[in-house]
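Here is a short briefing on the model shown below. Metal site first, then rings.

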Amino acid sequence: MTQTVRAAVQTGPGAFELRGLPLPKIGPDVGILRVEACDVCGSDVEQFKGHLGRPEMYPLIPGHEPLGVIEAVGERAAERWGVQPGDRVALEILVPCRSCDLCLTGRYMSCRNRQGAHGVTPLSREPGLWGGFAEYMYLHPNAILHPMRGDIAPELAVMFNPLGAGVRWACELGGAGMGDTVLILGPGQRGLMSVIAARTAGAGTIIVTGLTRDAGKLALAAEFGADHTVDVEQEDVVERVREITDGAMADVVLDLTPMAQQPIRDAMEAVAHGGRIVLAGLKGNEPVELVTDRLINKGVTVVGAYGVNADAYIEAIRIIESGRFPLERMHTHTFELADIQQAIEVLGDGEGVHVCVCPDGNGAG
Ligand SMILES: [Zn+2]
Ligand SMILES: [Zn+2]
């Protein structure tokens, strides 16, 4: 008898239905993941609204930030991945070819021959279970998974993804290190995770900005180690940074604000001579007007943050396992599969900070 897998299937923009799908039989090179938790992220909100992808991708199972336990694994896959049934793993979004020049030089995020991507691959592509908003997921032979300790609550362990972004953007791309002044524009999930990453890397002064309605998130930023928070509706960001740093300004500036353009201009003014600006907040493909002379005269490096890589995920997993930060303070909502739409709305309207779906409904929060 075939086991039935419950999955939240998106059938089109704004439309979900719960379906029962067959659990595939596995060969020697693949595996099956029992999903413990899957993060809801900003792009799930966009995908739900139909702002991402093409009409022909539906129906599909969304969810691209999953954490789970190996349910079954083929003999050769077990050897390659170094896992056994019962092991907890963090699963990366992309399934690269592992053979092209980009893969071979560590830039697999940009792989030329992608074999799939979790949460955006259509149901029609066998065996269909590509998304994390389901009880089980298919593990393609080229899937990238990272072992993780099993004794941490799933809704905290699943934070490897946003925390990986914080590590990648603040430390790897931004170069935040010992003694640096780091300015983080935007106190959302990724902003808070960037505070943790910068703090872990030994940053000297961390400043986080937000709107008046972000007061709760700014307070959390302070709990995670931010030295100063700035309400941009009440204070001038650049002036505050000048005051705090005694004119030295910020070595690293991260823009994590969606759509807003003023933060880009603030970043240009608040960055120190020779500093770095990391751009990670999408602006809806709108042009941003810049005085590029400012960048030249300050010798500034501007970096675009595209995704997260294995280095950063592994570092994030170590930080979570260390138990050094009160991550539970950031987790606001756990939902069951049937409530997926509510989960997406709670994140989308700004009520939720960290929101995840636990398919078996066993999440603690
Ligand atoms: Zn995401
Ligand atoms: Zn490749």
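Donors are N, O and S atoms within 2.8 Å of the metal. The model is predicted. In sequence, the donor residues of the zinc ion (ligand 2) follow the spacing C-x2-C-x2-C-x7-C.

**Zinc site**
- The protein donors of the zinc ion (ligand 2) are Cys-97, Cys-100, Cys-103 and Cys-111, each through SG.
- These donors lie 2.3 to 2.4 Å from the zinc ion.
- The four donor atoms subtend angles of 102 to 116° around the zinc ion, which makes the arrangement tetrahedral.
- Cys-97 sits in the loop between β6 (94-95) and α3 (101-104), and Cys-111 in the loop between α3 and β7 (116-117), so the pair ties together parts 14 residues apart in sequence.
- Cys-97 has a relative accessible area of 12%. Buried means under 20%, so Cys-97 is buried.
- Cys-111 also counts as buried, at 8% relative accessibility.

**Aromatic pairs**
- The whole structure holds three aromatic pairs.
- One of them is Phe-16 with Phe-48, a stacked pair. The centres are 5.4 Å apart, with 10° between the planes.
- This pair links distant parts of the chain. Phe-16 belongs to strand β2 (residues 15-22) and Phe-48 to helix α1 (residues 42-49), 32 residues apart.
- Phe-16 counts as buried at 16% relative accessibility, and Phe-48 counts as buried at 10%.

**Charge over a ring**
- Arg-80 places its charged end over the ring of Trp-81. The distance to the ring centre is 5.6 Å.

Terms used:
Residues are numbered from 1 along each chain as its sequence is written. Chains are lettered from A and ligands numbered from 1 in the order in which they are written. This is a predicted model: local features need pLDDT of at least 70, side-chain atom pairs count only at pLDDT 80 or more; totals for chains, interfaces and linings use all residues. Side-chain values use heavy atoms; hydrogens and water are left out. Donors are N, O and S atoms within 2.8 Å of the metal (3.2 Å for Na, K and Ca); water is not among the atoms, so sites may look incomplete. Four donors count as tetrahedral if all angles lie between 85 and 135 degrees; four count as square planar and six as octahedral if opposite donors are over 155 degrees apart and all others between 65 and 115; anything else is irregular. Helices (H or I, at least four residues) and strands (E, at least two) are DSSP runs, numbered from the N terminus. Buried means under 20% relative accessible area, exposed over 50%, partly exposed in between (1.4 Å probe, protein chains only). Rings of Phe, Tyr and Trp (its six-membered ring) pair if their centres lie within 6.5 Å; planes under 30 degrees apart count as stacked, over 60 as edge-to-face and the rest as tilted. A charge sits over a ring if NZ of Lys or CZ of Arg is within 6 Å of the ring centre and within 35 degrees of the ring normal.
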